[in-house]
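Have the model open while you read.

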Amino acid sequence: MEKKSFNIAVFAGDGVGTEIMQESLKILKLIAEKTKVRLVLSAGYIGGAAYDRFGEPLPGQSLEMALQSDAVLLGAVGGPKWEALEYKFRPERALLGLREKLGLYANLRPVVVFEELLDASPLKKEVVRGIDIMIVRELTGDVYFGQPRGVTIEKNGKRKGTNTMVYTEEEISRIAVCAFEIARKRKKNLLSVDKANVLECTELWRNVVSEIGCAYPDVTLKHMYVDNCAMQLIRNPAQFDVIVTTNLFGDILSDEAAMLTGSIGMLPSASMGKDKALYEPIHGSAPDIAGKNIANPLATILSVALLLRYTMAMPQEAELVEKAVAEVLKDGYRTQDIFQEGKLLVGTAEMGDQTLKKLTGLLN
Ligand code: IPM
Ligand code: MG
């Protein structure tokens, strides 16, 4: 029987997190109401907001809430206020802790250009038109988690910083399987990105991805060095279908790819584990514009679409949310980050309301 009740842990986090979360929850609640799906939402603190209240970025009760949920919906964490804190108290640790504790090893970052925003991209229209890339970023390995790490004092009294890039065969094969499965449902082109000419760790990555590829003869697998990929994303982004890469390379390439779409304020993401998932916009907490009702809520609203698609198994409703966003853009509504002459400048809340209105129409 189809599941009709979902526990969602909601962490707005810091900066613009609260504002964008408010808008996306309106969308989620409307869908639940119209489709008679029962949503149990529990809100908790993470990041700087949690540090201020509880002295730690990922308090036990928030982690427990996440572990008990079917999925987590997250805003953003971080801000200058907490930058000087000792590493383990920084807001970003909450995000990394959730990824680790929930086993969220696959980060999916779809990069799609809305026709209406072609002019907002810093690249020429002809270059970005029609791009539809899925970045599959490994999320629980690499230098992000590798040991040893830290800053130590050498015998000569000077400091030494260490981080370790490490991948086991199992970690590589499970993300490769995930990427091949996704490629199979798309245009069947998978590009694995590494730095195998210099780093042994990613030479292993390349070999394991190729070995997994034997089980997917219908998917065309290619390999590319990360520096070349960074260049090709600007030179000819339309060549890409699915990109699978390591944690750090994926972090960097996905920010670069986001700009192709005109604004990082447009891109959602899904982080998947074996039986858990977390949905969040790929942008940060943007403390400079927090509390001013100018942040773009669309990346978080589009993250709700991913939540509907992957956790709640409601692909039709997911598409309707995406369609509502496309139509709001077609009507000319723009937040500041994607604003152009002749369009209607709106704030966070109005952008959310317009999307809600469109969605209401589409659901009736
Ligand atoms: C991301 C972010 C995070 C990361 C930070 C906030 C820890 O940049 O999700 O891309 O580096 O993974
Ligand atoms: Mg990043």
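Sort the shell around ligand 1 by residue class and you get five charged, two nonpolar and no polar residues. Keep in mind that this is a predicted model. The residues surrounding ligand 1 are E92, L95, R99, R109, R137, Y144 and D251.

Which element gives the most to that shell? Helix 4, covering residues 92-101, does, with three residues. Looking at domains instead, the shell takes at least three residues from domain 1 (1-114 + 267-364) and at least three from domain 2 (122-261). As for the space that ligand 1 takes up, that is the largest pocket.

| Side chain | Distance to an oxygen atom of ligand 1 |
|---|---|
| R99 | 2.7 Å |
| R109 | 2.9 Å |
| Y144 | 2.5 Å |

How much of ligand 1 does the protein cover? On its own, ligand 1 has 320 Å² of accessible area, and the protein covers 76% of that.

Away from the ligand, a couple of backbone details deserve a look. Most peptide bonds are trans, and most residues other than glycine have a negative phi. The peptide bond running from Q147 to P148 is cis, with an omega near -5°. You'll find P148 in the loop that sits between strand 5 (132-138) and strand 6 (150-153).

The other detail is about phi: K188 isn't a glycine, yet its phi is positive, at about 65°. Where is K188 found? Check the loop between helix 6 (169-184) and strand 8 (189-194).

Technical notes. Residues numbered from 1 in each chain as written. Chains lettered and ligands numbered in written order. Predicted model: local features only at pLDDT ≥ 70, side-chain atom pairs only at ≥ 80, totals over all residues. Heavy atoms only, no water. Near = heavy atom within 4 Å. Polar contact = N/O pair within 3.5 Å; in protein donor to acceptor, adjacent residues only side chain to side chain. Areas by Shrake-Rupley, 256 points an atom, 1.4 Å probe, with all protein chains shown as cover. 1 Å grid on protein atoms, 1.4 Å probe; cavity = no way out; pocket = protein on both sides within 12 Å on 5 of 7 lines; lining within 4 Å. Sits in = over half its atoms within 2 Å of the grid points. Helix = DSSP H or I, 4+ residues; strand = E, 2+ residues; numbered from the N terminus. Nonpolar A, V, L, I, M, F, W, Y, C, P; charged D, E, K, R; others polar. Domains from an automatic or database assignment.
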